[in-house]
Amino acid sequence: MNRREILQALAFGPVALSPLALAACGGSGDTAKAGDAKVLRMIHTQNLASLDPIWTTAAGTKDYGFLTFDQLLAVDLNYKPQPQMAEGFEIENDGRAYVFSLREGLKFHDGEPVRSQDCVPSIRRWGARDGYGQLMMRFVDDFEVIDDRKFRIKLKKPFPLLPDAIGKSGASECFIMPERMAMTPPSEQVKEAIGSGPYRFLMDEWVSGSSAAWAKFDGYIPSPLPANGIAGSRAPVMDRIEWSMITDASTAMAALISGEKDYWDIPPPDLIATMKADPNIRVGSRNTSGIYYMLQFNHLHAPFNNPAVRQAVAMAVDQTEVLKAATPDQSLTKPAYGFYALNTPYATEAGSEVLKTQDLEKAKAALKASGYKGEKLVMLGVQEGAAGNMSQVVEDLFRKMGFNVEYVVVDGATMTQRRVNREGTDKGGWSCFITGWTGADILNPAVNPMLRGGGEKGFPGWANDPVIEGLKDKWAEAVDPAEQKRLATEVQVQAFKTLPYLPLGSTDLLSAYRSNITGLNPMPVAAYWSVGKSA
Amino acid sequence: MTAIPAVPLPVRPRRLDLSRPIGFLRDHPGAAAGAGLLTLMLLISVLAPVLGTIDPRALSISDRLAGPSSEHIFGTDQLGRDLYSRVLYGGRVSLTVGFFAALLSCIAGTLVGLISASFRMLDGLMMRIMDGLMSIPAILLAIALMAVAGASVQNVILAVTVVETPRVARMVRGVVLSLRELPYVEAAIASGSTSIQIMFRHLLPGLTGPIAVQATFCWAAAMLIEAALSFIGAGTPPSIPSWGNIMSDGKALWQIKPELIFLPAVFLSATVLGVNLLGDGLRRALDPKSGGGK
Amino acid sequence: MLSYTLRRILMAIPVVGVVAVVIFSLLYFTPGDPALVLAGEQATPAEVEQVRASLGLDKPPYIRFVGWVGNILQGDLGSSIFTRQPVTYMIGQRLEPTLSLVVFAVLLSIACGIPFGVAAASRPGGVADRALTAVTVVGFSIPVFVAGYALAFVFASKLHWLPVQGFRPMSDGILPFLRSLTLPAISLSIIYTAIIAAVTRTSMLEVLNQDYIRTATAKGLGPTYILFRHALKNASIPVITVIGSGIATLIGGAVIIENVFALPGVGRLTVDAISHRDYPVIQGVVLLSSAAYVMVNLAVDLAYTVLDPRIRY
């Protein structure tokens, strides 16, 4: 056989290569799809695994909740509650009852009207699960349906924070669901996805771990107030919103740059500079509340069951250094010497002297004096992202202080499992981990899920400080804003003494998007009803 | 199942004569190149501490994602760790996993294969189990095993061993069954040698060649599986710098720092290539049809 | 023929049975308690117990196994612990990208591998033969995800010829569909092409040495005609075999490569399920992919009788 024959024999070889040729000549076929101008194609970093925003505080489910459901009240950018589904509310009987009235014509996605009979069980279910809701329910005597659009919440004693609780933006929000969904026991997840929010969830298109989609809800009647944070009008702008969960950050970035996607909710800090350099990409901060990192201690076992050891750690930590690991752009980081979010009503640095020590030698001496006997310290760390990087820096610091450290790297799901283990470090337990909450989640003593002293009932870490709990109760009952502020400050001063957790500082939450994206109003959560696209 | 053995089996296997390794390598330049490459990688891994490296786990947050410089010739990763040191030390994990997984799966596979070929009663059952294991895609089985065992280097070795053992076992069983047909073995059986004697005197020597070839394939496969497992976060614990882990760390940043993936990949591929070339040379040397060919 | 088919099907059953036992027992020993994850952060031990009972996780393993197998036989693979959706529904939702990818990669590998192997066999030691050796050895040395990143880097990031990520269903049009699968399919098919080409070469060489080929040449038949009409047809059995046995490698590769190109397929589901300890999903995926493998090879076995009339059973 000679060369020519081989070539003949290979004659159908090129067929195999044709997809590449075909693909190459297809040009930008991917981006052009009929009606794309009215479709918001988002890269959503957080998976949507559960459709119940009351049952879980997972970030993906929360963002889903804000598109799909609506709230009775909603806080504006100054964290003042404003009417949302409610036309308004009246306070009766010296603050012992609240009467809510619904706006006219509100409908659920299945076409049914929103009634008081839907609101009451929705509030009850939320009140059974959420921290602030539980606090509120301690004051609630009973609910009373007056008519389809009016209901009354009767209180045992005045609870002036009730509108704040119902309209809050942090942790889990009081979303209104149809009665049949709201009757689901709080420990179980709802099975439907029917809300009365600006976008209708397309159940058929939901592929957990990959994608989710919404269509504009034509029956939505927006609030007449101007948009202000999550308060005011939530009128939907796009016909359709699509989420793609792309786990590989570089691939996600390439998709945004090439125009395959329009918006990326949480790009990792290391890629920001590259995207800023691209003329078609904008990077900006929408969630004005920022993200706060904290080192959570296990208060049940050595070494961190000893407050003196926790104090020693606080002396060693230099927030500025730790924050360097979170993002390469230091202008995005802010040290935060307090237990409440910066630039919010309760923000203060009172009591934070120990965290400003920032002296390794003093910390070492304090650790020696604390009675630490070389007990093993098990630190749980996630592999990636800011929290992962910061964990490695803090681990390094622990070693320098003279702790006997074992650093265990886990994925997010394993972390969630391991941190509920109350056993000692020899039985799969843990000593500390780093986590993060948005500023809206640590607004005040009630919403902050980690600022607790309730012992074994609380968030993993199980800090037990009756003084904190007592102060929080007094705060909840306080009527005067100045008194509330004073008590909240006292909670913080006490917290710096017993350190339920250690604040590590905050960074801005940045999003990246194509330059034609419009309507990115600032707000303390990630909600997309106002986001649109110019031609 | 009709899975063909990974190594095309010679009808009448040659015995592998490795008493003169230099001569063997001279006759097989491909194998020589492979052996050379592998030796180089072994040396790099073993001598990593004296090759100008620093602690591969040392963090230097202010130097994160630095480009190549005289201080960090490959630059640094997202925690400011020295990429050059990590890549050099990374070879230790891959080579260890590859070597031990190959060794263990050859031992286990040979045992299963011999037992299967020798005891008719067990043959059916054991081969069905092997077929069952082989019908689970290797990487899926390894992932499932790692989920059970938890992340550690030993567990990666064990998981790969479980994945590779059936292949060795099938091959050994096939060779043994064909060897038994050979006149000299038949003669030994007829003359009343015990099974054990037959096994050690006649069968094992005939098996060394094919097993050696299979070992190189297991070795190569093990290194690739380790990399894939670590890459998707189900392999070597992330705190240990293995090539798979360096790539896994780098995947979030491959658009801006492609070397985080491609540098360890070059080292890994070069090592696997070395093992494959060596294995290919051994196979050719054993294949009667290739005329001992080159 | 019919009895052979039946016998082959009967032989495949114990294999799938072994797979079922292996998968079930593996996951039974998996550390990490799905009930804990599911009950949430603030659950009391009693609530966790309740969740465990509602999932049937508190029953002894053999009862769970029997129940599991019984349900499988009725087409019920259980429900995901995380999303509460039926596993069959979840896999069904993600089947199109994965099947499309695997089929595309198989076709691509066959279309490239067979001519390559034929070319190599037509002149042993020639350019094509040496190229084949090189491609085989190198192809077997590169992890599939590295090949994926390399292709994405060149053809998507730098040249912008193809999308970096994502899947476009066939309903969006055939061109976007093919474009979205091209890079992942090429990454996957490198090794598979090499295997097919190598086996084609070996079996062609054997056939080409047979007398009847010499006769055909003597009769003056054209070389292309001989290569394809006579030789390839008779060399096809080992080639078909390796296409079948290589499917396992391909499915495994698809699991990895779907994560590189963000394809919403079964591979992506698997990796997510493992990090969530979502037992029913893991069990379902592994079981179905093994069943697919067994089925493909059953088809391959049956194809022999059609392809080579000399084989009679």
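Me: Start with chain C. What pattern do its elements run in from the N terminus on?

Reply: They run α-α-α-α-α-α-α-α-α-α-α-α-α. The secondary structure of chain C comes to 13 helices and zero strands. Keep in mind that this is a predicted model.

Me: How much of chain C counts as buried?

Reply: 51% of its 313 residues.

Me: And its contacts? What share is between residues 24 or more positions apart?

Reply: 73%, taking the contacts in chain C with a separation of 6 or more.

Me: Now chain B. How many helices and strands does it have?

Reply: Chain B has 10 helices and zero strands. Along the sequence its pattern is α-α-α-α-α-α-α-α-α-α.

Me: What does its C-alpha trace span?

Reply: About 75 × 45 × 30 Å along the principal axes of chain B. Buried residues make up 54% of its 294 residues. Of the contacts in chain B between residues at least 6 apart in sequence, 71% join residues at least 24 apart.

Me: Tell me about helix α10 of chain B. How far does it reach?

Reply: It covers residues 259-286, which is 28 residues. From first C-alpha to last it reaches 39 Å, close to the 40 Å expected at 1.5 Å a residue.

Me: Why is α10(B) called largely enclosed?

Reply: Because 22 of its 28 residues are buried, α10(B) is largely enclosed by the rest of the structure.

Me: Where do chains A and B touch? How many residues are in contact?

Reply: 21 residues of chain A are in contact with 17 residues of chain B. On the chain A side, α8 (249-257), α13 (385-401) and β18 (404-410) each supply at least two residues.

Me: What kinds of residues are on that side of chain A?

Reply: 10 nonpolar, five polar and six charged.

Me: Let's stay in chain A. What is the strand order in the sheet of seven?

Reply: β10-β11-β12-β1-β13-β21-β14. The sheet is open and the pairing is mixed. β10 (199-201) and β14 (281-285) are the edge strands, and each pairs on one side only.

Me: Which helix packs on that sheet?

Reply: α8(A) does. It touches β1 (39-43), β13 (263-264), β14 and β21 (510-514) of chain A. Its direction makes about 155 degrees with that of β1(A). α8(A) also supplies residues to the side of chain A that touches chain B.

Me: How does β10(A) pair with β11(A)?

Reply: In the antiparallel sense, over three bridges. β11(A) is residues 211-216. Y199(A) stands opposite K216(A) there.

Me: And β21(A), what are its pairings?

Reply: Two bridges pair β21(A) with β13(A) in the antiparallel sense. Y263(A) stands opposite Y513(A) in β21(A). Five bridges join β21(A) to β14(A), also antiparallel. There, S285(A) has L510(A) as its bridge partner.

Me: Is β21(A) enclosed or open?

Reply: Four of its five residues are buried, so β21(A) is largely enclosed by the rest of the structure.

Me: Which helix is mostly covered?

Reply: One is α3 of chain A, residues 59-68, with nine of its 10 residues buried. Among them are Y64(A), F66(A) and L67(A). The buried residues pack against β9 (175-176), β10, β11 and β12 (240-244) of chain A.

Me: What about the sheet of six strands?

Reply: It is open and mixed, in the order β16-β20-β15-β19-β17-β18 of chain A. β16 (333-334) and β18 are at the edges, each with a single partner strand, so one side of each has no neighbour in the sheet.

Me: How many bridges join β15(A) to β19(A)?

Reply: Seven, and the two strands run antiparallel. Q296(A) has F433(A) in β19(A) as its bridge partner.

Me: What lies across that sheet?

Reply: α13(A) lies across β15, β17 (376-382), β18, β19 and β20 (501-507) of chain A. It runs at about 160 degrees to β17(A).

Me: Last one, α15(A) and α16(A). At what angle do their axes cross?

Reply: At roughly 170 degrees, coming within 9 Å. That makes α15(A) roughly antiparallel to α16(A). Their contact has eight nonpolar, two polar and three charged residues. W475(A) is one of those from α15(A), and V491(A) is one of those from α16(A).

Key
Residues numbered from 1 in each chain as written. Chains lettered and ligands numbered in written order. Predicted model: local features only at pLDDT ≥ 70, side-chain atom pairs only at ≥ 80, totals over all residues. Contact = placed C-beta atoms within 7 Å. Nonpolar A, V, L, I, M, F, W, Y, C, P; charged D, E, K, R; others polar. Axes fitted to C-alpha atoms, helices over the stretch in contact; angles between N-to-C directions. Parallel < 35°, antiparallel > 145°, perpendicular 65-115°, else oblique. Pairing = 2+ DSSP bridges. Buried ≥ 20, exposed ≤ 12 C-beta atoms within 10 Å, placed from the backbone. Expected span 1.5 Å × (residues − 1).
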